[in-house]
Each structure stands twice: as structure tokens, then as C-alpha cells.
Amino acid sequence: MKRFRFAAVLAGACLTGAVGMQGAITCTTADFNGSYAFYTTGALLVLPPAGAALVGPFSQYGTFNSDGQGNVNIDSVAGYNGLILNGSAPGTYTITPDCVITFQLILPFPLSLPATFTAVLASGNRQEVVMITDPPGTVVVGRHLKQDMRFCGTLDFNGAFQVDLSGTVLAPKERAGMFQRIGRLVTDGNGAFTAKTLANYAGRIVAEDFGGTYEVNSKCYVTFKYSFGGEQQTISGAIGGHGEAAMMMVATPGWSVGGTLKAQQ
């Protein structure tokens, strides 16, 4: 384990050195503060025996709060190999002058493992890309977007949005495999939506036009519900920015798919 922790530290040092050559930006612990929406996708490849059933594709969405003093608190929903579970976890972070962040936390039950994540801030500390660097046996990348709204309602997620979702479908069997969906989703500000999309199921392209209902709760989480092909589907996520984007996950058992909805205008 020490060897892998050294590798994680070395990775952070390499990132710091690469960014530091530019010498144009400086970050401090206090610069990273506020609420962020995020989604995560990837795969858990190696786990202890107690978590063996969770090995496989992984997806996640949620929010976290950073206090600007090195502490974060994470609230999330995750898909482990198609199994949907809620989880929360406190953590800590350090940040270099080059805006490279290292997060330390205990992964939520049932994993309950210490983990290290490395991230790089961008867009005035409003966005970041994060990768798990310890423990080994994972390929997981997340994307974070700062939240400017504290209380939300249905009208706060209104208009036309670009759809970008990808990952793996595990069930039903006829749809299993790598997955990608692009398209356009339109909300009416009153709880109804329509979508025109193209989906790729393991190389098979399918036009999927569907509609349903959506709701936005006071914590700025948005949930879409619809029926397609005789199957009830739920897509949930956290709204970021001023409502121009949402970090999403397909919250239907058997799916490990995540991505974004981004306002077209």
C-alpha cells in the first residue's frame, strides 16, 4: 500500500510541476469554498472480499460543501455494478499554489475504505476534474461544477439542454454493454419535459424520443422520470452554476451511466 500511496503523491507532484511552469496562477485553501455539484463514472476493478459484489462499472452524482479551511462534506447517490445506494462522507483537502487539490476521505459504506483523489481546478476555481489515485484497482474520474444557487424550484431548471450521458448498461440483457446518449432535452418550467436523443447500445444506434415529468427540490437536485420501451427510467442529478447545467446519473438499477445536461443558450 505504501508503494501506491507514494505513486499518488508523485502523481500530484508531477501535476504541480507541470502547472507551475506557467507561473500565472495561485490558489490557497480559502479559494476552494462553497457548494459543488458533481458526477463520477468509471469502474471498480479490485475490492476486498466484503465488497466483491460491487466490482464492475461505477457511477455517482451528488453535491459537496467545502468550508475553505480544508474540510469537505459529500452527499451522493452511487451505482455500484448496477446497484443504486445512497452515501455520504466527510473528508479533508489540501491545495497547492498551482491549484492542484488532494482529497482524503473514507469511501461510504459498504466500501468503507480510505481513498485519495487528485484534482485540478479551472475556470476561476469553479470547475475541476478529479481522479482517484489510491487505493489501486479503480479507474474513476469525476467532474465538479460550483453551485451558485442555495434554494431551488422547478423554474430554476427551465429551457433546452444538451444531453451527454455515457457509461455501461448491465441490465436488461438485451441492452447490456457500453452506452452513450446524446441529444436535446426541453423542460417547460412546470414539471414536464420532452427529449429527442440518439443512444448507442454497444454499437447499436437507436433513436429515442421520450417525455415525462421532472421535479427540482429545495437542495437543487433534479429528477426526471419517464417510460421507454416498457421500462420505467429515472435520471437524477445536481444543478450547478446558476441553473445552466446539471451533473447527472441514470438512477435506474442495472445502469452505471453518468454525464451532463448543459443549457443550449
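The lining of the second largest pocket comprises seven nonpolar, three polar and five charged residues; here Ala, Val, Leu, Ile, Met, Phe, Trp, Tyr, Cys and Pro count as nonpolar, Asp, Glu, Lys and Arg as charged, and the others, Gly among them, as polar. The space in the second largest pocket amounts to about 280 Å³. Of the 15 residues that line this pocket, Gln127, Arg143, Met247, Thr260 and Lys262 are the closest to its centre. Two or more lining residues come from each of strand E6 (114–122), E7, E8, strand E15 (245–250) and strand E16 (255–263). Strands (E, at least two residues) are DSSP runs, numbered from the N terminus.

The model is predicted: local features need pLDDT of at least 70, side-chain atom pairs count only at pLDDT 80 or more, and totals for chains, interfaces and linings use all residues. Residues are numbered from 1 along each chain as its sequence is written, and side-chain values use heavy atoms, with hydrogens and water left out.

On a 1 Å grid over the protein atoms alone, a pocket is an open set of points with protein on both sides within 12 Å along at least five of seven lines, a cavity is a set of points where a 1.4 Å probe fits but cannot get out, and lining residues have an atom within 4 Å of a point. Grid points are joined across faces, edges and corners, and a volume is the space filled by probe spheres set on the points.

The largest pocket has a volume of about 510 Å³. Among its 31 lining residues, Gln60, Leu105, Leu107, Phe117 and Ile132 are the closest to the centre. Strands E1 (33–44), E2 (56–67), E3 (71–80), E5 (100–106), E7 (127–134) and E8 (138–146) each give two or more residues to this lining, and E8 provides the largest share, five residues. The lining contains 25 nonpolar and six polar residues, and no charged ones.

Two cavities of 30 Å³ or more are counted. The largest cavity, of about 60 Å³, has a lining of nine nonpolar residues, one polar and one charged. Val163, Leu165, Arg181 and Phe210 are among the residues that line this cavity. Strands E9 (159–169), E10 (177–187) and E11 (192–201) each supply at least two of its lining residues.

The second largest cavity has a volume of about 30 Å³. Its lining includes Arg175, Arg181, Glu208 and Phe210, and divides into four nonpolar, one polar and three charged residues. Strands E12 (204–216) and E13 (221–228) each contribute at least two residues to it.

Definitions and conventions:
Helix = DSSP H or I, 4+ residues; strand = E, 2+ residues; numbered from the N terminus.
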